[in-house]
Amino acid sequence: MSTDEERLAQLGYKQELHRRLSGFSNFAVSFSIISILAGAITSYGIAMKAGGPVAITLGWLGVGVMVTFVALAMAEVCSAYPTAGALYWWAAALAKRNKAAWAWFIGWFNFLGEVAVTAAIDFGAAITTAAFFSLTLGMEVTALKTFLIFLVIIAVHGLLNTFGVSLVRILSDVSAWWHLVGVAVIVGVLAVVPDQHKPLSEVFFEVHNATGFTFAGAGVYAVLVGLLMAQYTYTGYDASAHVAEETHDAARAAPRGIVMSVVVSVIAGFVLLVAITWSIQDYEGSLGTPLGLPPAQIFIDAAGHDLGAFLLFICMIAQWFCGMASVTANSRMSYAFARDDALPGSWIWKKVNPRTGTPTNSIWLCVALSTLLVLPSLWNVVAYYAATSIAVIGLYIAYVGPVLLRRLNPDFQPGPWNLGRWSAPVGWIAIVWVGIICVLFVLPPGSPITAETFNYTIVAVAVVLGAAAIWWFAGARKWFTGPKQNLLEKAAHGESTD
(Lines give C-alpha, C1' and ligand atoms only; values in the text may rest on other atoms or scores of the structure.)
Protein backbone atom coordinates (compact mmCIF):
# COMPACT_ATOMS: atom_id res chain seq x y z
CA MET A 1 0.00 0.00 0.00
CA SER A 2 1.38 3.40 -0.98
CA THR A 3 1.90 6.26 1.50
CA ASP A 4 -1.00 8.13 -0.14
CA GLU A 5 -3.34 5.19 0.38
CA GLU A 6 -2.12 4.74 3.95
CA ARG A 7 -2.84 8.38 4.74
CA LEU A 8 -6.26 8.11 3.10
CA ALA A 9 -6.98 5.01 5.19
CA GLN A 10 -5.97 6.93 8.34
CA LEU A 11 -8.63 9.49 7.36
CA GLY A 12 -11.12 6.63 7.05
CA TYR A 13 -11.41 6.09 3.31
CA LYS A 14 -10.70 3.26 0.92
CA GLN A 15 -8.94 4.26 -2.29
CA GLU A 16 -11.72 4.21 -4.93
CA LEU A 17 -10.83 6.96 -7.39
CA HIS A 18 -7.86 6.23 -9.66
CA ARG A 19 -4.69 7.94 -8.38
CA ARG A 20 -3.12 9.03 -11.67
CA LEU A 21 -2.41 12.76 -11.31
CA SER A 22 1.14 14.08 -10.94
CA GLY A 23 2.00 17.21 -8.97
CA PHE A 24 2.03 19.20 -12.21
CA SER A 25 -1.35 17.80 -13.23
CA ASN A 26 -2.76 18.75 -9.83
CA PHE A 27 -1.48 22.32 -10.32
CA ALA A 28 -2.79 22.31 -13.89
CA VAL A 29 -6.36 21.52 -12.82
CA SER A 30 -6.50 24.54 -10.47
CA PHE A 31 -4.57 26.81 -12.86
CA SER A 32 -7.00 25.85 -15.63
CA ILE A 33 -10.02 26.70 -13.46
CA ILE A 34 -8.56 30.06 -12.38
CA SER A 35 -7.86 30.55 -16.10
CA ILE A 36 -6.75 34.12 -16.65
CA LEU A 37 -7.82 33.69 -20.28
CA ALA A 38 -11.33 32.86 -19.07
CA GLY A 39 -12.29 34.85 -15.99
CA ALA A 40 -10.18 37.92 -16.75
CA ILE A 41 -11.44 38.04 -20.36
CA THR A 42 -15.13 37.29 -19.86
CA SER A 43 -15.48 39.57 -16.81
CA TYR A 44 -13.21 42.32 -18.19
CA GLY A 45 -16.29 44.38 -19.07
CA ILE A 46 -17.40 44.39 -15.42
CA ALA A 47 -14.25 46.30 -14.43
CA MET A 48 -14.33 48.47 -17.57
CA LYS A 49 -17.75 49.68 -16.49
CA ALA A 50 -17.09 49.78 -12.75
CA GLY A 51 -13.72 51.32 -11.91
CA GLY A 52 -11.96 51.29 -15.25
CA PRO A 53 -8.22 50.71 -15.81
CA VAL A 54 -7.26 51.19 -12.15
CA ALA A 55 -9.62 48.37 -11.12
CA ILE A 56 -8.37 46.20 -13.98
CA THR A 57 -4.61 46.51 -13.40
CA LEU A 58 -3.81 47.64 -9.85
CA GLY A 59 -7.06 46.06 -8.65
CA TRP A 60 -5.88 42.73 -10.07
CA LEU A 61 -2.60 42.97 -8.15
CA GLY A 62 -4.20 44.03 -4.88
CA VAL A 63 -6.82 41.29 -4.97
CA GLY A 64 -4.14 38.81 -6.05
CA VAL A 65 -2.06 39.53 -2.96
CA MET A 66 -5.05 39.01 -0.67
CA VAL A 67 -6.08 35.82 -2.46
CA THR A 68 -2.54 34.49 -2.03
CA PHE A 69 -3.04 34.77 1.75
CA VAL A 70 -6.27 32.75 1.44
CA ALA A 71 -4.53 30.12 -0.71
CA LEU A 72 -1.62 29.78 1.73
CA ALA A 73 -3.97 29.33 4.69
CA MET A 74 -6.04 26.74 2.80
CA ALA A 75 -2.97 24.87 1.60
CA GLU A 76 -1.72 24.31 5.14
CA VAL A 77 -5.00 22.61 6.10
CA CYS A 78 -5.04 20.64 2.84
CA SER A 79 -1.65 19.14 3.64
CA ALA A 80 -2.98 17.76 6.92
CA TYR A 81 -6.17 16.34 5.35
CA PRO A 82 -5.63 15.39 1.65
CA THR A 83 -9.12 14.07 0.89
CA ALA A 84 -11.65 14.79 -1.88
CA GLY A 85 -14.16 16.19 0.61
CA ALA A 86 -11.67 19.01 1.23
CA LEU A 87 -13.30 22.10 2.72
CA TYR A 88 -16.29 20.59 4.51
CA TRP A 89 -14.19 17.59 5.61
CA TRP A 90 -11.59 19.96 7.06
CA ALA A 91 -14.34 21.85 8.90
CA ALA A 92 -15.57 18.66 10.56
CA ALA A 93 -12.02 17.67 11.55
CA LEU A 94 -11.13 21.09 12.99
CA ALA A 95 -14.32 22.15 14.79
CA LYS A 96 -14.14 21.68 18.54
CA ARG A 97 -17.93 21.59 18.86
CA ASN A 98 -20.85 21.06 16.45
CA LYS A 99 -18.61 19.25 13.96
CA ALA A 100 -21.50 17.95 11.87
CA ALA A 101 -23.14 21.38 11.62
CA TRP A 102 -19.90 23.02 10.50
CA ALA A 103 -19.39 20.30 7.87
CA TRP A 104 -23.00 20.65 6.69
CA PHE A 105 -22.99 24.41 6.14
CA ILE A 106 -19.43 24.67 4.76
CA GLY A 107 -20.26 21.81 2.42
CA TRP A 108 -23.39 23.50 1.12
CA PHE A 109 -21.58 26.79 0.52
CA ASN A 110 -18.84 24.87 -1.29
CA PHE A 111 -21.45 23.02 -3.34
CA LEU A 112 -23.21 26.30 -4.25
CA GLY A 113 -19.92 27.94 -5.18
CA GLU A 114 -18.75 25.00 -7.29
CA VAL A 115 -21.99 24.90 -9.27
CA ALA A 116 -21.98 28.68 -9.73
CA VAL A 117 -18.36 28.85 -10.86
CA THR A 118 -18.95 26.05 -13.39
CA ALA A 119 -22.00 27.94 -14.66
CA ALA A 120 -20.12 31.24 -14.86
CA ILE A 121 -17.09 29.71 -16.60
CA ASP A 122 -19.06 27.89 -19.27
CA PHE A 123 -21.45 30.80 -19.78
CA GLY A 124 -18.41 33.05 -20.17
CA ALA A 125 -17.00 30.55 -22.66
CA ALA A 126 -20.31 30.74 -24.54
CA ILE A 127 -20.08 34.56 -24.65
CA THR A 128 -16.55 34.32 -26.06
CA THR A 129 -17.52 31.62 -28.55
CA ALA A 130 -20.49 33.68 -29.71
CA ALA A 131 -18.19 36.67 -30.25
CA PHE A 132 -15.79 34.47 -32.23
CA PHE A 133 -18.61 33.14 -34.42
CA SER A 134 -19.77 36.72 -34.95
CA LEU A 135 -16.32 37.73 -36.17
CA THR A 136 -15.66 34.69 -38.36
CA LEU A 137 -19.14 33.61 -39.50
CA GLY A 138 -21.09 36.84 -39.21
CA MET A 139 -23.48 35.33 -36.62
CA GLU A 140 -25.69 37.81 -34.79
CA VAL A 141 -25.12 37.53 -31.04
CA THR A 142 -28.38 37.04 -29.09
CA ALA A 143 -29.21 35.80 -25.60
CA LEU A 144 -30.81 32.63 -26.97
CA LYS A 145 -27.87 31.75 -29.24
CA THR A 146 -25.42 32.34 -26.41
CA PHE A 147 -27.46 30.05 -24.14
CA LEU A 148 -27.57 27.32 -26.79
CA ILE A 149 -23.80 27.53 -27.23
CA PHE A 150 -23.50 27.22 -23.43
CA LEU A 151 -25.57 24.01 -23.53
CA VAL A 152 -23.23 22.47 -26.12
CA ILE A 153 -20.11 23.46 -24.18
CA ILE A 154 -21.26 22.12 -20.81
CA ALA A 155 -22.52 18.88 -22.39
CA VAL A 156 -19.10 18.32 -24.00
CA HIS A 157 -17.43 18.95 -20.64
CA GLY A 158 -19.71 16.40 -19.03
CA LEU A 159 -18.81 13.83 -21.67
CA LEU A 160 -15.05 14.46 -21.42
CA ASN A 161 -15.15 14.00 -17.65
CA THR A 162 -17.20 10.82 -18.03
CA PHE A 163 -14.44 9.14 -20.06
CA GLY A 164 -11.97 8.98 -17.14
CA VAL A 165 -9.35 10.82 -15.15
CA SER A 166 -6.55 9.91 -17.57
CA LEU A 167 -8.17 12.01 -20.30
CA VAL A 168 -8.75 14.82 -17.80
CA ARG A 169 -5.07 14.65 -16.80
CA ILE A 170 -3.86 14.94 -20.40
CA LEU A 171 -6.21 17.81 -21.23
CA SER A 172 -5.37 19.65 -17.99
CA ASP A 173 -1.64 19.42 -18.73
CA VAL A 174 -2.22 20.72 -22.26
CA SER A 175 -4.43 23.45 -20.81
CA ALA A 176 -1.71 24.77 -18.48
CA TRP A 177 0.73 25.18 -21.36
CA TRP A 178 -1.98 26.59 -23.65
CA HIS A 179 -2.65 29.30 -21.06
CA LEU A 180 1.01 30.22 -20.56
CA VAL A 181 1.93 30.22 -24.26
CA GLY A 182 -1.38 31.88 -25.17
CA VAL A 183 -0.76 34.76 -22.77
CA ALA A 184 2.73 35.23 -24.22
CA VAL A 185 1.33 35.35 -27.78
CA ILE A 186 -1.45 37.82 -26.89
CA VAL A 187 0.90 40.10 -24.95
CA GLY A 188 3.48 39.98 -27.76
CA VAL A 189 0.95 40.89 -30.45
CA LEU A 190 -0.62 43.70 -28.41
CA ALA A 191 2.79 45.15 -27.55
CA VAL A 192 4.08 45.22 -31.14
CA VAL A 193 1.19 45.49 -33.62
CA PRO A 194 -0.99 48.49 -32.52
CA ASP A 195 -0.07 51.88 -33.99
CA GLN A 196 -0.76 53.58 -30.68
CA HIS A 197 -1.20 52.71 -27.00
CA LYS A 198 -2.85 54.36 -24.02
CA PRO A 199 -0.48 56.35 -21.78
CA LEU A 200 0.78 54.11 -18.97
CA SER A 201 -0.46 56.66 -16.42
CA GLU A 202 -4.01 55.95 -17.65
CA VAL A 203 -3.43 52.19 -17.74
CA PHE A 204 -2.71 52.18 -14.01
CA PHE A 205 -4.58 55.15 -12.57
CA GLU A 206 -7.57 56.12 -14.77
CA VAL A 207 -10.96 55.71 -13.07
CA HIS A 208 -14.07 55.06 -15.16
CA ASN A 209 -17.55 55.00 -13.67
CA ALA A 210 -20.37 53.83 -15.95
CA THR A 211 -22.43 52.27 -13.15
CA GLY A 212 -25.03 55.03 -13.19
CA PHE A 213 -24.32 55.98 -9.58
CA THR A 214 -23.51 59.68 -9.12
CA PHE A 215 -23.37 60.12 -5.34
CA ALA A 216 -20.26 61.54 -3.66
CA GLY A 217 -17.60 58.85 -3.74
CA ALA A 218 -19.32 56.99 -6.57
CA GLY A 219 -15.96 56.60 -8.32
CA VAL A 220 -14.49 54.77 -5.32
CA TYR A 221 -17.64 52.64 -5.08
CA ALA A 222 -17.28 51.74 -8.76
CA VAL A 223 -13.65 50.67 -8.29
CA LEU A 224 -14.58 48.48 -5.32
CA VAL A 225 -17.48 46.83 -7.19
CA GLY A 226 -15.17 46.36 -10.21
CA LEU A 227 -12.82 44.23 -8.11
CA LEU A 228 -15.28 41.41 -8.80
CA MET A 229 -13.44 40.84 -12.09
CA ALA A 230 -10.25 39.87 -10.29
CA GLN A 231 -11.88 38.16 -7.32
CA TYR A 232 -14.06 35.99 -9.58
CA THR A 233 -11.09 34.98 -11.71
CA TYR A 234 -9.23 33.87 -8.59
CA THR A 235 -11.68 31.07 -7.82
CA GLY A 236 -11.57 27.32 -8.20
CA TYR A 237 -8.09 26.64 -6.84
CA ASP A 238 -9.67 24.37 -4.21
CA ALA A 239 -9.74 21.91 -7.14
CA SER A 240 -6.24 20.82 -6.13
CA ALA A 241 -7.71 19.65 -2.82
CA HIS A 242 -10.76 17.98 -4.42
CA VAL A 243 -8.55 15.84 -6.67
CA ALA A 244 -6.13 15.00 -3.82
CA GLU A 245 -7.34 11.39 -3.76
CA GLU A 246 -6.28 11.14 -7.41
CA THR A 247 -2.86 12.79 -6.89
CA HIS A 248 0.49 11.20 -6.06
CA ASP A 249 2.21 12.55 -2.89
CA ALA A 250 -1.02 14.43 -2.18
CA ALA A 251 0.02 15.88 1.21
CA ARG A 252 2.68 17.95 -0.58
CA ALA A 253 1.51 18.15 -4.19
CA ALA A 254 -2.06 19.31 -3.46
CA PRO A 255 -1.10 22.29 -1.24
CA ARG A 256 1.61 23.27 -3.72
CA GLY A 257 -1.00 23.10 -6.48
CA ILE A 258 -3.30 25.45 -4.54
CA VAL A 259 -0.62 28.09 -3.91
CA MET A 260 1.27 27.95 -7.19
CA SER A 261 -1.90 28.11 -9.29
CA VAL A 262 -2.70 31.43 -7.61
CA VAL A 263 0.82 32.88 -7.69
CA VAL A 264 1.37 32.05 -11.38
CA SER A 265 -2.07 33.49 -12.20
CA VAL A 266 -1.33 36.75 -10.35
CA ILE A 267 1.85 37.33 -12.35
CA ALA A 268 0.70 36.13 -15.78
CA GLY A 269 -2.71 37.78 -15.39
CA PHE A 270 -1.20 41.14 -14.50
CA VAL A 271 0.97 41.10 -17.63
CA LEU A 272 -2.04 40.09 -19.76
CA LEU A 273 -4.37 42.75 -18.34
CA VAL A 274 -1.80 45.53 -18.66
CA ALA A 275 -1.25 44.56 -22.31
CA ILE A 276 -5.00 44.53 -23.09
CA THR A 277 -5.71 47.81 -21.26
CA TRP A 278 -2.65 49.45 -22.84
CA SER A 279 -4.05 48.52 -26.28
CA ILE A 280 -7.54 50.06 -25.92
CA GLN A 281 -8.16 52.28 -28.95
CA ASP A 282 -11.78 53.31 -28.24
CA TYR A 283 -12.89 52.84 -24.63
CA GLU A 284 -16.61 53.53 -25.06
CA GLY A 285 -16.73 51.64 -28.35
CA SER A 286 -15.16 48.56 -26.76
CA LEU A 287 -17.47 48.71 -23.75
CA GLY A 288 -20.59 48.89 -25.94
CA THR A 289 -19.43 46.48 -28.65
CA PRO A 290 -22.16 44.46 -30.42
CA LEU A 291 -19.87 41.45 -30.02
CA GLY A 292 -20.89 41.36 -26.34
CA LEU A 293 -17.27 40.96 -25.20
CA PRO A 294 -15.11 44.11 -24.79
CA PRO A 295 -11.70 42.33 -25.11
CA ALA A 296 -12.80 40.95 -28.48
CA GLN A 297 -13.37 44.50 -29.74
CA ILE A 298 -10.05 45.62 -28.22
CA PHE A 299 -8.24 42.82 -30.09
CA ILE A 300 -9.89 43.80 -33.39
CA ASP A 301 -9.23 47.53 -32.96
CA ALA A 302 -5.61 46.98 -31.93
CA ALA A 303 -4.51 44.13 -34.20
CA GLY A 304 -6.95 44.07 -37.10
CA HIS A 305 -9.82 41.71 -37.87
CA ASP A 306 -7.95 38.49 -38.68
CA LEU A 307 -5.22 38.74 -36.07
CA GLY A 308 -7.77 39.93 -33.50
CA ALA A 309 -9.97 36.91 -34.25
CA PHE A 310 -6.93 34.66 -33.75
CA LEU A 311 -6.27 36.16 -30.31
CA LEU A 312 -9.91 35.59 -29.43
CA PHE A 313 -9.59 31.98 -30.62
CA ILE A 314 -6.73 31.47 -28.11
CA CYS A 315 -9.01 32.72 -25.33
CA MET A 316 -11.95 30.61 -26.51
CA ILE A 317 -9.99 27.33 -26.39
CA ALA A 318 -8.54 28.25 -22.99
CA GLN A 319 -12.07 28.78 -21.69
CA TRP A 320 -13.20 25.38 -22.96
CA PHE A 321 -10.27 23.84 -21.05
CA CYS A 322 -11.22 25.87 -17.99
CA GLY A 323 -14.82 24.67 -17.98
CA MET A 324 -13.73 21.06 -18.33
CA ALA A 325 -11.51 21.34 -15.25
CA SER A 326 -14.29 23.06 -13.32
CA VAL A 327 -16.68 20.18 -13.98
CA THR A 328 -13.94 17.83 -12.74
CA ALA A 329 -13.56 19.65 -9.41
CA ASN A 330 -17.30 20.21 -9.03
CA SER A 331 -18.12 16.54 -9.53
CA ARG A 332 -15.43 15.40 -7.06
CA MET A 333 -16.78 17.69 -4.36
CA SER A 334 -20.33 16.47 -5.06
CA TYR A 335 -19.16 12.86 -4.99
CA ALA A 336 -17.45 13.33 -1.63
CA PHE A 337 -20.44 15.20 -0.17
CA ALA A 338 -22.77 12.45 -1.39
CA ARG A 339 -20.39 9.80 -0.02
CA ASP A 340 -21.24 11.28 3.38
CA ASP A 341 -24.99 11.26 2.55
CA ALA A 342 -25.34 15.06 2.56
CA LEU A 343 -27.07 15.45 -0.82
CA PRO A 344 -30.64 14.49 -1.70
CA GLY A 345 -30.38 11.13 -3.48
CA SER A 346 -26.82 10.62 -2.23
CA TRP A 347 -26.93 6.92 -3.11
CA ILE A 348 -27.09 7.96 -6.77
CA TRP A 349 -24.39 10.65 -6.73
CA LYS A 350 -21.77 8.69 -4.75
CA LYS A 351 -21.53 5.86 -7.26
CA VAL A 352 -18.17 5.45 -9.00
CA ASN A 353 -17.96 3.92 -12.47
CA PRO A 354 -15.69 0.88 -11.95
CA ARG A 355 -14.34 1.05 -15.49
CA THR A 356 -13.40 4.73 -15.67
CA GLY A 357 -12.90 5.39 -11.95
CA THR A 358 -15.01 8.57 -12.20
CA PRO A 359 -18.16 9.63 -10.30
CA THR A 360 -20.25 9.70 -13.48
CA ASN A 361 -23.60 10.49 -11.86
CA SER A 362 -22.12 13.43 -9.91
CA ILE A 363 -20.65 14.80 -13.12
CA TRP A 364 -24.08 15.04 -14.74
CA LEU A 365 -25.68 16.39 -11.57
CA CYS A 366 -23.26 19.31 -11.72
CA VAL A 367 -23.94 19.85 -15.42
CA ALA A 368 -27.70 19.97 -14.79
CA LEU A 369 -27.54 22.35 -11.82
CA SER A 370 -25.12 24.72 -13.57
CA THR A 371 -27.51 24.84 -16.52
CA LEU A 372 -30.39 25.81 -14.21
CA LEU A 373 -28.31 28.65 -12.76
CA VAL A 374 -27.63 30.05 -16.24
CA LEU A 375 -31.29 29.98 -17.32
CA PRO A 376 -31.99 33.55 -16.06
CA SER A 377 -29.49 34.82 -18.68
CA LEU A 378 -32.33 34.55 -21.19
CA TRP A 379 -34.10 37.52 -19.57
CA ASN A 380 -31.83 39.08 -16.91
CA VAL A 381 -28.97 41.22 -18.25
CA VAL A 382 -26.93 40.91 -15.04
CA ALA A 383 -27.20 37.12 -14.82
CA TYR A 384 -23.48 36.72 -15.56
CA TYR A 385 -22.58 39.28 -12.88
CA ALA A 386 -24.80 37.43 -10.42
CA ALA A 387 -23.35 34.01 -11.29
CA THR A 388 -19.83 35.35 -10.72
CA SER A 389 -20.85 36.95 -7.41
CA ILE A 390 -22.54 33.75 -6.23
CA ALA A 391 -19.41 31.79 -7.12
CA VAL A 392 -17.16 34.20 -5.24
CA ILE A 393 -19.28 34.38 -2.08
CA GLY A 394 -20.19 30.70 -1.95
CA LEU A 395 -16.65 29.51 -2.53
CA TYR A 396 -14.85 32.00 -0.32
CA ILE A 397 -17.10 31.35 2.68
CA ALA A 398 -16.28 27.66 2.20
CA TYR A 399 -12.58 28.51 1.74
CA VAL A 400 -12.23 30.56 4.91
CA GLY A 401 -14.46 28.50 7.23
CA PRO A 402 -11.83 25.80 7.81
CA VAL A 403 -9.13 28.49 8.08
CA LEU A 404 -11.09 30.13 10.92
CA LEU A 405 -11.57 26.77 12.64
CA ARG A 406 -7.87 26.01 12.26
CA ARG A 407 -7.07 29.29 14.01
CA LEU A 408 -9.46 28.41 16.85
CA ASN A 409 -8.13 24.86 17.24
CA PRO A 410 -4.86 24.71 19.24
CA ASP A 411 -4.65 20.95 18.69
CA PHE A 412 -4.22 21.18 14.91
CA GLN A 413 -1.40 18.93 13.68
CA PRO A 414 0.23 20.44 10.56
CA GLY A 415 1.01 18.23 7.59
CA PRO A 416 4.36 18.11 5.76
CA TRP A 417 3.52 21.41 3.97
CA ASN A 418 2.92 24.16 6.55
CA LEU A 419 3.43 27.88 7.22
CA GLY A 420 5.21 27.57 10.56
CA ARG A 421 5.23 30.82 12.54
CA TRP A 422 3.53 32.69 9.68
CA SER A 423 0.39 30.58 9.99
CA ALA A 424 -1.51 32.92 12.36
CA PRO A 425 -1.01 36.27 10.56
CA VAL A 426 -1.65 34.71 7.15
CA GLY A 427 -4.82 33.03 8.40
CA TRP A 428 -6.31 36.13 10.04
CA ILE A 429 -5.59 38.32 6.99
CA ALA A 430 -7.41 35.75 4.83
CA ILE A 431 -10.41 35.72 7.17
CA VAL A 432 -10.75 39.53 7.20
CA TRP A 433 -10.50 39.75 3.42
CA VAL A 434 -13.27 37.21 2.86
CA GLY A 435 -15.50 39.16 5.25
CA ILE A 436 -14.97 42.28 3.14
CA ILE A 437 -15.78 40.66 -0.22
CA CYS A 438 -18.92 38.97 1.13
CA VAL A 439 -20.34 42.44 1.73
CA LEU A 440 -18.91 44.00 -1.43
CA PHE A 441 -20.35 41.65 -4.01
CA VAL A 442 -23.97 41.62 -2.87
CA LEU A 443 -24.13 45.38 -3.43
CA PRO A 444 -25.97 46.67 -6.54
CA PRO A 445 -23.60 46.90 -9.53
CA GLY A 446 -25.52 49.63 -11.32
CA SER A 447 -28.27 52.25 -11.22
CA PRO A 448 -31.22 52.42 -11.61
CA ILE A 449 -32.04 49.19 -9.80
CA THR A 450 -34.87 47.42 -11.65
CA ALA A 451 -36.16 43.85 -11.98
CA GLU A 452 -33.94 43.43 -15.06
CA THR A 453 -30.77 44.80 -13.46
CA PHE A 454 -31.25 43.47 -9.91
CA ASN A 455 -28.25 41.57 -8.53
CA TYR A 456 -29.90 38.33 -7.40
CA THR A 457 -26.71 37.11 -5.67
CA ILE A 458 -28.10 37.79 -2.21
CA VAL A 459 -31.29 35.91 -3.12
CA ALA A 460 -29.44 32.82 -4.37
CA VAL A 461 -27.12 32.76 -1.36
CA ALA A 462 -30.03 33.28 1.04
CA VAL A 463 -32.10 30.54 -0.61
CA VAL A 464 -29.30 27.97 -0.36
CA LEU A 465 -28.37 29.00 3.19
CA GLY A 466 -32.04 29.04 4.22
CA ALA A 467 -32.78 25.68 2.62
CA ALA A 468 -29.68 24.12 4.21
CA ALA A 469 -30.66 25.56 7.61
CA ILE A 470 -34.29 24.41 7.37
CA TRP A 471 -33.20 20.94 6.26
CA TRP A 472 -30.62 20.82 9.06
CA PHE A 473 -33.01 21.73 11.86
CA ALA A 474 -35.93 19.78 10.39
CA GLY A 475 -34.09 16.48 10.32
CA ALA A 476 -30.54 16.40 8.97
CA ARG A 477 -29.04 17.17 12.39
CA LYS A 478 -30.50 13.86 13.61
CA TRP A 479 -28.74 11.71 11.02
CA PHE A 480 -25.92 13.72 9.41
CA THR A 481 -22.87 13.06 11.55
CA GLY A 482 -20.30 14.62 9.23
CA PRO A 483 -17.84 12.75 7.02
CA LYS A 484 -18.51 9.01 7.02
CA GLN A 485 -15.57 6.64 6.87
CA ASN A 486 -16.29 4.33 3.97
CA LEU A 487 -13.36 2.08 4.91
CA LEU A 488 -15.21 1.01 8.04
CA GLU A 489 -18.53 0.92 6.20
CA LYS A 490 -17.17 -1.39 3.53
CA ALA A 491 -15.52 -3.61 6.12
CA ALA A 492 -18.82 -3.87 7.97
CA HIS A 493 -20.48 -5.08 4.75
CA GLY A 494 -17.75 -7.63 4.14
CA GLU A 495 -16.21 -5.80 1.15
CA SER A 496 -12.48 -5.98 0.48
CA THR A 497 -10.49 -2.98 1.73
CA ASP A 498 -7.24 -3.99 0.06
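Angles under 35 degrees count as roughly parallel, over 145 as roughly antiparallel, 65 to 115 as roughly perpendicular, and the rest as oblique. Hold on to that for the helix pair below.

A quick word on the model: it is predicted, so local features need pLDDT of at least 70 and side-chain atom pairs pLDDT 80 or more, while totals for chains, interfaces and linings use all residues. Residues are numbered from 1 along each chain as its sequence is written, and side-chain values use heavy atoms, leaving out hydrogens and water.

**The α5/α14 pair**

Helices here are DSSP runs (H or I, at least four residues), numbered from the N terminus. α5 (residues 58-80) packs against α14 (residues 250-278) at about 175°, and their axes sit 8 Å apart; the axes are lines fitted to C-alpha atoms over the stretch in contact, with angles running from 0 to 180 degrees between N-to-C directions. The two helices are therefore roughly antiparallel. Contact means heavy atoms within 4.5 Å, and on the α5 side those making it include Trp60, Val67, Ala71 and Ser79, with Ala251, Pro255, Ile258 and Val262 among their α14 counterparts. By class, this contact has 17 nonpolar, 5 polar and no charged residues. Here Ala, Val, Leu, Ile, Met, Phe, Trp, Tyr, Cys and Pro count as nonpolar, Asp, Glu, Lys and Arg as charged, and the others, Gly among them, as polar.

Accessibility is sorted as buried (under 20% relative accessible area), exposed (over 50%) or partly exposed in between, using a 1.4 Å probe and protein chains only. The contacts listed skip neighbours within four places in sequence.

| Residue | Relative accessible area | Contacts |
|---|---|---|
| Phe69 | 23%, partly exposed | Val426, Ile429, Ala430 |

Phe69 and Gly394 are 325 residues apart along the chain, with 18 Å between their C-alpha atoms.

**The core**

A nonpolar core is a set of buried Ala, Val, Leu, Ile, Met, Phe, Trp, Tyr and Cys residues joined through side-chain atoms within 4.5 Å. The largest one has 158 residues, and Trp90, Tyr237 and Tyr396 touch the most other members. Helix α7 (residues 99-137) supplies its largest share, 23 residues. Beyond its sequence neighbours within four places, Tyr237 is in contact with residues including Val67, Ala71, Ile258, Val262 and Tyr396. Another core, of 6 residues, lies apart from it, with Ala50 and Phe213 among its members.
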